[in-house]
Amino acid sequence: MTTMATRTVQASRSGRPAGVRPTSSLGTRPLLRWGGVDWWLMAAVSGLLVLGTLLVWSATTTRDDLTGGDPRAYLYKQVTNIAIGLVLMSVVLVADHRWVRVAAPLAYLASVGGLVLVLVAGSTINGSRSWIVVGGMSIQPAELAKLAVVIGMALVLAHRAAGRWRPRVGLVEVVLMLGIAAVPAVLILLQPDLGTMLVLTATVTGVLVVSGAPRRWLALLAGGGVTAALAAVAGGVLKPYQVDRFLAFTNPDLDPRGAGYNVEQARIAVGNGGVWGQGLFGGSQTRSGFVPEQHTDFVFTVAGEELGLVGAGLLIALLGLVVWRALVIATRTDDVFGRVAAAGIACWFGFQGFQNVGMCLGIMPVTGVPLPFVSYGGSSMFAGLLAIGLLQNIHLRASAPRA
């Protein structure tokens, strides 16, 4: 009793409740607890990484033109990409939230610099100047720009919020956020990389909706986007092969040996799988190499053919779980930056996954975007796992006790 009374008197003199430890002049700081990690999110991402590695391995094991005769070449490459991505994810996950905000402008500037470098000294692959080749490794800055735009827009809105839980989004805020997205968007259009541009547009739209932008501004932006797209087609901005891809989407039989070939072969591969699939490493279309870019953009066709409806459905469910957990994290944080960034990442993963699966099924045009955490590609893997690290960082700081 004496001890408790003494503590109460001391607490009253110090001006803080009993049992609460004093803080430094920097204010309260959340304690990092590994038990606070969103394990549902980690389980979903882990499942996608394992499935993706097996599918990439299966898609390349008989492709001597890609592997140089080593059937495990892309297995090793994919595992290496995942290992590097997990290290990057862990760095962001454990970083202090204030340092994440400090690094956000630097990440944005680095992504813009990478996009400029692509236009100056990049390599053209499949009609698009989107890669920087360094030794034997190819880097695609546009993949990293997706994350940079999300955190850049979130940072702008957080500064404008000035401590309010729900910021007032008006003309100034909308213009600033669009300005953040406009610079990378223009550089991506100059490559041209239509697939990344579509994903970026959907992501920016999602961020504006989540931020609470007035509906009239959203309607004006939608109208402006449609007008710009029509002007791009009429003005010949799109490359001929890009126009052919959209025409093949509406009618794959229009050019079955050209633009419609990918769509037709993808449909055949997915249809071959039935309910249970032909078995891993046993897909007839996959082993024959009929589907172009099957280890990257069309990796979902491997799942459809070899794992069937059940396996492909599991892959979609895991990706849906990632999007759902990102939205849950966005709703549970009281930080404007964290809420907008998490929602933006959910929009990014959700639309890109829909676009990739849709083009494999013939319900979306072929635009060449990877399936998050599944397709082969270092840049895509690094950007995706960095985003997961940021989501976990936001979640930990929202759920951790204060010290």
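Predicted model: local features only at pLDDT ≥ 70, side-chain atom pairs only at ≥ 80, totals over all residues.

Start with β2 and β3, which pair in the antiparallel sense over three bridges. Strands here are DSSP runs of E with at least two residues, helices are runs of H or I with at least four, and both are numbered from the N terminus. Two strands count as paired if DSSP finds at least two bridges between them.

Residues are numbered from 1 along each chain as its sequence is written, and side-chain values use heavy atoms, with hydrogens and water left out.

Now go to the other neighbour: β2 (residues 128-134) runs antiparallel to β1, and three bridges join them. Serine 123 sits opposite tryptophan 131 in β2, and threonine 124 faces arginine 129 in β2.

Put together, that's an open sheet of three strands in the order β1-β2-β3, with antiparallel pairing. β1 (123-125) and β3 (137-139) are the edge strands, each pairing on one side only. On average, neighbouring strands are turned by 50° against each other, direction ignored; axes are lines fitted to C-alpha atoms, for helices over the stretch in contact, and angles run from 0 to 180 degrees between N-to-C directions.

Finally, helix α5 (residues 97-121) packs on the sheet, touching β1 and β2, where contact means heavy atoms within 4.5 Å. The direction of α5 makes about 95° with that of β2.
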